[in-house]
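Dear colleague,

I am handing over the structure that follows, and below it I have set out what was found, chain by chain and then at the contact between the chains. Please read the notes with the model open beside them.

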Amino acid sequence: MKLKYFFYVVIFLAVFGDWIANEKPFFCIYEGKNYFPIIESPFVKLGWKKWPATFQNGNWLELTFQKKINTLIPYSPETIDRNNLGLKSPFEAQNTKSLWGRHWMGTDRIGRDVLSGWIRGFRMALSIGFLSVLIAGMMGIFLGGMAGYYGNERFKLTIIKAGILLIWLIGAFFWISLGFETQWNSKPIFYWQFIWLILGVISFYLPNWGNKIAIPMDWIISLVIQAIDAIPALFFLLALLPMIKIPGIFDVIILIAFLRWTGIARLVRAEFLRIRDLEYIQSARLLKINNIIICWKHILPNAMGSLWITFAYSFAGAILLEAYLGYLGIGMPSGTISWGSQMQQVRENPSAWWLAVFPGFAIFLSLFCLQKMGEKLEAKAS
Amino acid sequence: MLIYLVKRISTLILSLWIISICLFFLQKNVAGDIVMLQSKSRSNGQFYIHPLAAEKVYRAEAVRLNLHRPLFYFSLKARLIPDTFYQIQYPEAFKIQKELLLQSGNWPLVQAYFQSLTNFYNKVDQTENSSLSIFWKEKLQEVAYLSDLPTIKSKLKVPKEMELPFDVECKEINTILSKLSNTTPSFFDWFPIPHWYGLKNQYHEWFINIISGDFGTSTRDGRLVKDKLKEAIPWTLWVNGLAIGLAYLFSFPMGILMALLPKRIWTKWINNLLLGLYAMPAFWIGSLLLVQATLPGDRFSFFSISGWTYLQQNGGFINQPIPFLLQLSLPVFCMTYGLAAYLTGYMQSSFLKVLKEPYILYARTKGISKFRLYFRHVLPNAILPQIVFIAGVIPALITGSVVIEVIFNIPGMGRLLIDSMLSQDWSTVYTFVLLVSCLTALGLILSDILLVLSDPRIRFSATKNEGT
């Protein structure tokens, strides 16, 4: 089996999941009028289109239509099917009108369809994995690249500028924290922040008086990486999460990215260290090409080959962390449906095997394919 | 070599110190009102003290918990905030006074305002006229927790007959209030001014305590964190130790076997199988096993979800080795198979890598026996990276064991962490995270040292890299 077809299926399920499993019918005739509820619902949310009041608050399962074409699975992940409350097994007799409305993967304790939640899980896993790897990749490439390219000796500043930079950074930290403290609505603080920014820009363009000293970029960044790596990922995540009072999915994504950038940064650093001493980079430096352009155009494309491998592994790691969080019931906003949160219910109802088998299988499959992809990329690179 | 070691260890200590600072501030940020929590847990949730009079009680409690000190060695605060501002303990008073201070920018005036309020309250307290005193007490308690000056003024506008006995105090408060509403912080009042507090601060105390082995008490049930850890650590060690041991025991022969087998199509499938095993999340298999264990019938009669307390009380491994190991078998299996699969693949690839080395070719041309070749020349070199790998595995294993412990209800460190989190026992959580990260860092450095000691080539390049 080709790996890429699996990814196509996953991406399709993630993007069009709402078109496959939805309590809203695809097309319906209600009180003599035609509706396309699934397509129209975003417009209704924006207020561009109006629906009858029964649609707005109504339970779609209990409405009677003159005619309707359902989606493949006529339940949303959040839909509560009152006829099949309390853990209906997939093989058990279910109280549904026809085979169409059957719960093919059973229901959970409050009567939600497991299959449609399972399909929603693809979107959750994919978006959390993708976005966290994207953010972690940006952080990792930037910081790892700085550490690798400049090393301990190439990042040179005059003593005066280094001092100014240090003071400026402390000040910037102060102003930002003061901004948070006053909820960003104090005018004098805003003026100060603006002045601080201008001062920073001006000091950047100051002439270089006096001797230059090398700032040990590599040492500083490696220290930070070492510090973050010393804490096991899940522990760190659990330590950071309570800082956010009501965590949303995006907070979780950022936190996972914050934990994952170190692995990418270490690899980028090693690659940059290797490539920066190659002859073509040295000649580019002799030609006085801007450092940023050297890094971006000449080093990074060369390092990218091995970077994709870590991206694949980080993706898998992010999916696993998200599943852990969902399973432990910590951090994810309540009511979020993901594979982990579905599996969490098994802890209370150990006899409901279908809540463990299917979501777990999806996690296993995505991890397996990502690992396999990483392995293939590795083989390609070597 | 020595220089490399010293450098490595000093950066490690530095990074652990940074971690400890981060965790300390996280704890302070997250924990909320520790005094209230403590008092609640000591008095069974019945904690009510009168506002205005509350400050004294609260302060005494805070002093007992050493919370009356500054947070850190130094602070950076706007000029209008005095350097002794942290001394205000009562959170509501702190909030109101800070709001008033940020509005007016005049600390002596704010202090004078609260002083006059307290004086007023004390005077009201001494009067005999009960209706008057009740009226004013309620009024003052209401006003004391307001920060909006116009509303305070409107609240203090009372009928003449009520105001008359306390004429002087009312006038004083009103003059201070009008002064307060006339002043605003100047532009330069917002400039940051550093303050140095010295060693008598909360962080220093916490850090010294942890270094000297005193991990404090849990804010939830008042037990020593040390005792909690002492109970939990053996379980985690048992599970992780058995998992690592079994995984190595399985993966060494399997890896060698796989490396020596001729390449056929089915070896590829075995590789895929190993990858699949590795990708199977342990908590999935764990919950499936749990489903099996709790189904009716005697499938896993040796395992019971509540069997841990029994083992704990009856002396664990020493007194009852067989029930103990049987009880551990399911969680250990969950943690072992993935690691074993990974290590097998790793062993195989490193064995094959060593086989391609020129010195192996040389040994072959010498005509030594295959057995001798594999076990004298290849194996020691192939095992080396595996041994070093163990330290890198430990953090991932600890992470995995958290979920496994939660699933199988093992009273180990992972479940302690999750339970403490869910019951908001932050002092345990953060002390615990710090300890685990110390252990992990030590493991990482140990693996580095092992690697450097065992391989002269790495030793040379490590010193060289550090030198430039």
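Chain B has a secondary structure of 21 helices and 2 strands, where helices (H or I, at least four residues) and strands (E, at least two) are DSSP runs, numbered from the N terminus. This is a predicted model, in which local features need pLDDT of at least 70 and side-chain atom pairs count only at pLDDT 80 or more, while totals for chains, interfaces and linings use all residues. Residues are numbered from 1 along each chain as its sequence is written, and chains are lettered from A and ligands numbered from 1 in the order in which they are written.

Taken along the principal axes, the C-alpha atoms of chain B fill a box of roughly 115 × 65 × 40 Å. The radius of gyration of chain B is 33 Å, whereas a compact globule of 468 residues would have one near 23 Å; the radius is taken over C-alpha atoms, and the globule rule is 2.2 Å times the number of residues to the power 0.38. Of the 468 residues in chain B, 27% are buried, a residue being buried if 20 or more other C-beta atoms lie within 10 Å of its own, exposed if 12 or fewer, and partly exposed in between, with C-beta atoms placed from the backbone. Among the contacts in chain B with a separation of 6 or more, 76% are between residues 24 or more positions apart, and two residues are in contact if their C-beta atoms, placed from the backbone, lie within 7 Å.

Some local features of chain B can be picked out. Helix 17 of chain B, residues 358-366, is hardly covered, since the count of buried residues among its 9 residues is 0, and this helix is followed by Gly367(B), whose phi is positive, near 85°. Leu379(B) lies in helix 18 of chain B and is partly exposed, because 16 other C-beta atoms lie within 10 Å. Between Leu379(B) and Tyr121(B) there are 84 Å in space, C-alpha to C-alpha, and the two are 258 residues apart in sequence.

Chain A has 13 helices and 5 strands.

Chain A contains an open sheet of 3 strands, in the order 2-1-3 and with antiparallel pairing; two strands pair if DSSP finds at least two bridges between them. Strand 2 (33-35) and strand 3 (67-69) of chain A stand at the edges with a single partner strand each, so one side of each has no neighbour in the sheet. From one strand to the next the twist averages 20°. Strand 1 of chain A, residues 27-30, pairs with strand 2 of chain A over 3 bridges in the antiparallel sense, and Tyr30(A) has Lys33(A) in strand 2 as its bridge partner. The hairpin of these two strands has 2 residues between them, and there Glu31(A) takes a positive phi near 50°. Strand 1 of chain A is also joined to strand 3 of chain A by 3 bridges, again antiparallel, with Ile29(A) opposite Lys67(A) in strand 3.

Elsewhere in chain A, the axes of helix 11 (residues 291-328) and helix 12 (residues 339-348) come within 7 Å and cross at roughly 40°, where axes are lines fitted to C-alpha atoms, for helices over the stretch in contact, and angles run from 0 to 180 degrees between N-to-C directions. Residues of helix 11 of chain A, including Tyr324(A) and Tyr327(A), meet residues of helix 12 of chain A, among them Trp339(A) and Met343(A).

Finally, the contact between the chains takes 46 residues from chain B and 41 residues from chain A. On the side of chain B that touches chain A, the largest share, 10 residues, comes from helix 1 of chain B.

With best wishes
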